[in-house]
Amino acid sequence: MATQLKADGSQFLQQAFQEALSRWNRERLSPTFPEAISAERFDDERRMLRLEIGFLEELRQEVMAEARKAPTDPDGFIAWFENLKVSGPGQHDRLFPWLAERADRDEMRWFLSQEAAGEAGFDDLVAMTQVKLPARAKLELARNYWDEMGRGNAKGMHGPMLGQLVDILELDTRIENTVWESLALANAMTAMATSRSYAWHSVGALGVIELTAPDRSAHTAKGLRRIGLSGSERRYFDLHAVLDIKHSRDWNDEAIHPLVAEDPRRATAMAEGALIRLRCGERCFDRYRAHFGLA
């Protein structure tokens with residue numbers, strides 16, 4: 001109910017807008033040819049970019065006060081950032097133990113359909129975020145990206161692992177059948193990664209995914225095991241339950257810490273990005289629980 005009330009007061013936190021933004025992101029980020037360039041497309045790009053920034057700025061307004069509380073020295077900021085795993089929005093939501101222990105196959109399929117549809121592609125987000133970053137942080141994002149790419153082995157690529165699960169469970173990932181909260185999460189992540197004005201926000205948002213994903217991934221993997229999926233079929237979640245622990249530690253040490261040491265202003269931007277990502281996730285969990293009658 002709280003989520004719906006908040007949505008009623010926003011032009012952005014609505015199904016129609018998030019569907020339109022998702023379709024625009026899909027179109028503009030897909031490779032094409034010069035023939036696709038037109039005056040009409042330029043006008044549409046300008047209009048959608050203005051709306052996208054309005055959406056992001058609304059999300060920023062929600063978290064600005066909290067983000068300003070984050071320390072701006074490197075050690076203090078890392079301590080604050082790592083505490084988000086304990087006290088951040090949406091953490092330890094009761095949805096995930098329920099998925100692990102009680103959800104049936106159809107319930108797991110609906111949940112995974114929403115999650116897969118709202119997956120913006122971590123590998124692509126990292127690739128877009130690293131552009132022109134300082135060398136040490138760029139190298140860490142490169143190492144992270146290389147892991148996402150299966151270290152050069154197609155069978156180890158993370159994106160296709162999730163795609164395999166979509167095929168196995170015959171998940172419905174169509175935009176029109178995805179709740180706006182899930183679309184908003186993907187759209188917010190895409191907006192931060194594609195705009196250089198929000199590059200530090202993207203570093204924080206991506207870092208907090210690595211920080212908080214292992215626990216949720218472990219619960220999801222347990223639920224998939226319980227409904228009969230094999231190790232290879234649930235590999236995406238089994239892998240992220242373990243690998244992201246190391247990814248988070250390295251991201252904090254090699255990207256966030258030196259970036260804040262170089263310019264303390266980045267800490268506040270990273271804090272905003274992390275909190276935006278967590279608030280979007282929290283909205284998803286609230287909506288999912290409402291769908292399952294757990295709210």
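Q14 sits in the loop that joins α1 (2–8) to α2. This is a predicted model. With a relative accessible area of 26%, Q14 is partly exposed, because that class runs between the 20% limit for buried and the 50% limit for exposed. Q14 and G228 lie 214 residues apart along the chain, and their C-alpha atoms are separated by 36 Å.

Helix α2 covers residues 15–28, and helix α3 covers residues 39–67. Their axes come within 11 Å and cross at roughly 125°. That angle makes α2 oblique to α3, because roughly antiparallel would need an angle over 145 degrees. The crossing of α2 past α3 is left-handed.

Which residues of α2 and α3 meet? From α2 come F17, Q18, A20, L21, W24, N25, E27 and R28. On the α3 side they meet R41, D44, E45, M48, L49, L51, E52 and F55. Sorted by class, this contact has eight nonpolar residues, two polar and six charged.

Helix α11 spans residues 199–226, and helix α12 spans residues 235–262. Their axes are 8 Å apart, and the packing angle is about 165°. The two helices are therefore roughly antiparallel to each other. Here too the crossing is described by its hand: α11 passes α12 in a left-handed crossing. The contact of α11 with α12 has 15 nonpolar residues, six polar and four charged.

Is D250 buried or exposed? Its relative accessible area is 18%, so D250 counts as buried, because the limit for that class is 20%. Leaving aside neighbours within four places in sequence, D250 is in contact with E140 and A255.

M189 is buried, with a relative accessible area of 3%. What does M189 touch, once its neighbours within four places in sequence are set aside? Its contacts are A120, L125, A205, L206, I209 and R277. The C-alpha atoms of M189 and F55 are separated by 12 Å, although the two residues are 134 apart along the chain.

Next, the loops. The stretch between α4 (74–87) and α5 (95–101) holds H92. D93 lies in the loop between α4 and α5 as well. H92 is exposed, at 53% relative accessible area. D93, by contrast, is buried, at 11%. H92 also has a backbone feature to check: its phi is near 55°, a positive value in a residue other than glycine.

What does D93 touch, not counting residues up to four places away in sequence? The answer is F285, D286 and R289. D93 and L51 are 42 residues apart along the chain, and their C-alpha atoms are separated by 31 Å.

K132 lies in the loop between α7 (122–129) and α8 (135–148). K132 is exposed, with a relative accessible area of 78%.

Last, the cysteines. How many disulfides does the structure hold? The count is zero. A disulfide is a covalent bond between the sulfur atoms of two cysteines. C280 is in no disulfide, and the nearest cysteine sulfur, that of C284, is 7.2 Å away. C284 is in no disulfide either, with the sulfur of C280 as its nearest cysteine sulfur, 7.2 Å away. C280 counts as buried, at 4% relative accessibility. C284 is buried as well, with a relative accessible area of 1%.

Key
Residues are numbered from 1 along each chain as its sequence is written. This is a predicted model: local features need pLDDT of at least 70, side-chain atom pairs count only at pLDDT 80 or more; totals for chains, interfaces and linings use all residues. Side-chain values use heavy atoms; hydrogens and water are left out. A disulfide is a pair of cysteine sulfur atoms within 2.5 Å. Buried means under 20% relative accessible area, exposed over 50%, partly exposed in between (1.4 Å probe, protein chains only). Axes are lines fitted to C-alpha atoms, for helices over the stretch in contact, and angles run from 0 to 180 degrees between N-to-C directions. Helices (H or I, at least four residues) and strands (E, at least two) are DSSP runs, numbered from the N terminus. Angles under 35 degrees count as roughly parallel, over 145 as roughly antiparallel, 65 to 115 as roughly perpendicular and the rest as oblique. A crossing is left-handed if the near helix is turned anticlockwise from the far one by less than a right angle, and right-handed if clockwise. Contact means heavy atoms within 4.5 Å. Ala, Val, Leu, Ile, Met, Phe, Trp, Tyr, Cys and Pro count as nonpolar, Asp, Glu, Lys and Arg as charged, and the others, Gly among them, as polar.
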